[in-house]
Amino acid sequence: METPLINESFSTANDGGDYNPVKSLKELKLVFWIETVKIWKIAGPVVFNFMCQYGINSVTNIFVGHIGDFELSAVSISLSVIGTFSFGFMLGMGSALETLCGQAFGAGQVHMLGIYMQRSWIILWVTCFCLLPIYIFASPVLKLLGQEETMADLAGKFTLLIIPQLFSLAINFPTQKFLQAQSKVDVLAWIGFAAFVLHVPLLWLLIHVFGWGINGAAIAFDITNWGIAIAQVVYVLGWCNEGWNGFSWSAFKEIWAFVRLSLASAVMLCLEIWYMMSIIVLTGHLDNAVIAIDSLSICMNFNGWEGMLFIGMNAAISVRVSNELGSGHPRAAKYSVYVTIFQSFLIGLLSMVVILITKDYFAIIFTDSKELQVAVSKLAFLLGITMVLNSIQPVIGGVAIGSGWQSLVAYVNIGSFYVFGLPFGYLLGYTAKLGVTGLWGGMIAGTALQTLILLIVLYRTNWNKEVEQTSERVRRWGGQGGETITEKV
């Protein structure tokens with residue numbers, strides 16, 4: 001048997017060859033094991049970091065939920081609608097680095113990573129100011145979207161207080177992508193863990209000891225998120241000598257071309273994130289909106305925990321694909337994709353089983369209300385299906401980012417989510433009077449359609465052609481000093 005060749009280290013590019021074609025079950029098992037190790041070596045710390053960061057949101061909701069159901073609804077709307085809107089856009093704008101940094105690192109142009117990161121800092125900082133009016137006028141925006149007046153007022157007050165957290169994302173996301181491209185992910189895990197551990201006593205201190213209520217929750221949220229951003233920057237400046245060569249005026253060159261790629265990434269991710277956000281908005285129009293929103297928010301919190309796992313997988317497969325395409329290894333990229341999708345699907349099935357077994361109990365973590373616990377239990381089946389679909393979709397998204405397919409996926413998302421899924425959910429929820437169950441069920445159908453289309457795209461992908469396109473992209477964006485940018489996305 002010929003042993004497949006694969007570069008055993010992500011620290012340097014082109015130190016090994018591509019896989020040989022797999023021709024037997026024994027070779028398949030070997031490739032599966034090699035790729036499993038490589039994926040989880042990256043995904044493990046990234047997943048842990050994302051879970052810790054999501055845990056900050058979730059724990060904030062838990063503390064507020066024990067203040068009162070009304071306060072939980074207001075903070076949930078703020079974080080789920082306004083917060084998710086800005087988070088999705090900022091994450092998308094920062095995700096351009098996953099394509100560029102990953103492929104440049106695979107091609108051996110490590111010196112360009114610091115320049116790319118600085119450009120992204122500039123672009124995301126300006127983006128924050130563009131998003132600022134949504135935070136300042138959150139209350140009237142939420143009322144315009146049909147939210148109940150007193151709830152919108154309280155949510156708007158909380159949103160104003162978390163403006164500093166918005167600006168922390170402009171530093172956090174580019175720095176995170178810079179480190180991920182080089183597989184320097186252990187430090188992200190440690191920073192995320194420290195932030196999560198410190199956030200819990202900080203919430204307790206500001207909410208219960210100082211008696212500041214949801215104001216204290218907002219202040220703790222700001223402090224913790226800025227702590228994460230600053231810690232990541234300190235590590236980059238002090239311990240990333242290869243990718244970071246100091247501040248450079250080159251970061252200001254060709255900004256608009258970089259913005260175009262960032263916008264393509266942002267549109268792709270935002271169409272996905274905002275799709276699930278829209279169900280919160282639509283639910284606010286139903287009868288007994290407080291119970292409907294609270295039950296859905298609790299389900300979305302659990303879906304979000306699983307989502308952080310697969311966003312970590314998204315980042316890992318993006319690094320693997322971009323690095324291998326940049327190194328000229330088409331089979332390594334392809335096999336990595338197949339192994340990751342298979343494993344993610346199994347994890348999704350396991351998550352669904354756990355939710356269905358515990359459907360009458362898991363809401364206790366968030367609320368003492370028996371009525372709300374029953375409402376959550378009725379949504380458990382839809383939550384389980386969503387978890388299965390969401391186990392595949394983020395991995396495909398990571399492949400898209402690593403390969404530079406952002407524009408294609410954006411078009412698929414528009415058709416699947418907004419032309420089909422959202423109208424179908426509205427039809428079931430309001431016309432058929434199925435309420436939140438109908439809204440969610442219709443939107444699940446949109447996610448299923450998107451997943452099916454992208455799986456077909458993956459199956460038909462010519463990975464040799466992807467390598468050629470990657471080489472051209474790296475040459476244009478990073479070759480000869482890295483300052484000639486002509487790529488259109």
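Where does α14 bend, and which proline follows within four residues? The answer comes under the second heading, after a word on the model.

## Before we start

What you're looking at is a predicted model, in which local features need pLDDT of at least 70 and side-chain atom pairs count only at pLDDT 80 or more, while totals for chains, interfaces and linings use all residues. Residues are numbered from 1 along each chain as its sequence is written, and side-chain values use heavy atoms, with hydrogens and water left out.

## Helix α14 and its bend

Let's pick up the opening question. α14 bends by about 25° at Asn390, and the proline that follows within four residues is Pro394. Helices here are DSSP runs of H or I with at least four residues, numbered from the N terminus. A bend at a residue is the angle between two fitted axes, one for the seven residues ending there and one for the seven starting there.

From its first C-alpha to its last, α14 reaches 35 Å with its 24 residues, close to the 34 Å expected at 1.5 Å a residue. That expected span is 1.5 Å times one less than the number of residues. Of the 24 residues in α14, 22 are buried, so the helix is largely enclosed by the rest of the structure. "Buried" means under 20% relative accessible area, "exposed" means over 50%, and "partly exposed" is in between, using a 1.4 Å probe and protein chains only. Just after α14 comes Gly404, with a positive phi of about 85°.

Helix α10 covers residues 255–283, and its 29 residues reach 40 Å from first C-alpha to last, close to the expected 42 Å. There's a bend here too, of about 30° at Cys270. α10 is mostly covered, with 23 of its 29 residues buried.

Helix α8 runs over residues 186–209, and its 24 residues reach 34 Å, close to the 34 Å expected. Its buried residues include Val187, Ile191, His199 and Ile207. What do the buried residues of α8 pack against? They pack against α1, α7 and α9, where contact means heavy atoms within 4.5 Å. After α8 you'll find Gly211, whose phi is positive, near 70°.

## The space inside

How many cavities of 30 Å³ or more does the structure hold? There are 3 of them, and the largest cavity has about 1200 Å³ of space. Its lining has 50 residues, and Tyr54, Thr84, Ile273, Met308 and Ile311 lie nearest its centre. Among the elements that give two or more residues to this lining are α1, α10, α14 and α16. The biggest giver is α11, with 10 residues.

Here's how that space is defined. On a 1 Å grid over the protein atoms alone, a cavity is a set of points where a 1.4 Å probe fits but cannot get out, and lining residues have an atom within 4 Å of a point. Grid points are joined across faces, edges and corners, and the volume is the space filled by probe spheres set on the points.

Ser139 sits in helix α5, residues 138–144. Is Ser139 buried or exposed? Its relative accessibility is 14%, so Ser139 counts as buried. Its side chain makes a polar contact of 2.8 Å with the side chain of Asp153. A polar contact is a pair of N or O atoms within 3.5 Å; within protein, one must be able to donate a hydrogen and the other to accept it, and residues adjacent in sequence count only if both atoms are side-chain atoms. Ala152, which Ser139 touches, lies in helix α6, residues 149–161, and counts as buried at 1% relative accessibility.

Now for Ser377, in helix α13, residues 370–378. Ser377 is buried, with a relative accessible area of 15%, and a polar contact of 2.7 Å joins its side chain to that of Asp360.

## Positive phi in the loops

Ser183, in the loop between α7 and α8, has a positive phi near 60° even though it's a residue other than glycine. Ser183 counts as partly exposed, because its relative accessibility is 21%.

Lys433 is in the loop between α15 and α16. Its phi is positive, about 60°, although Lys433 is not a glycine. With 70% relative accessibility, Lys433 counts as exposed.

How values were computed. On a 1 Å grid over the protein atoms alone, a cavity is a set of points where a 1.4 Å probe fits but cannot get out, and a pocket is an open set with protein on both sides within 12 Å along at least five of seven lines; lining residues have an atom within 4 Å of a point. Lists of a residue's contacts leave out its neighbours within four places in sequence.
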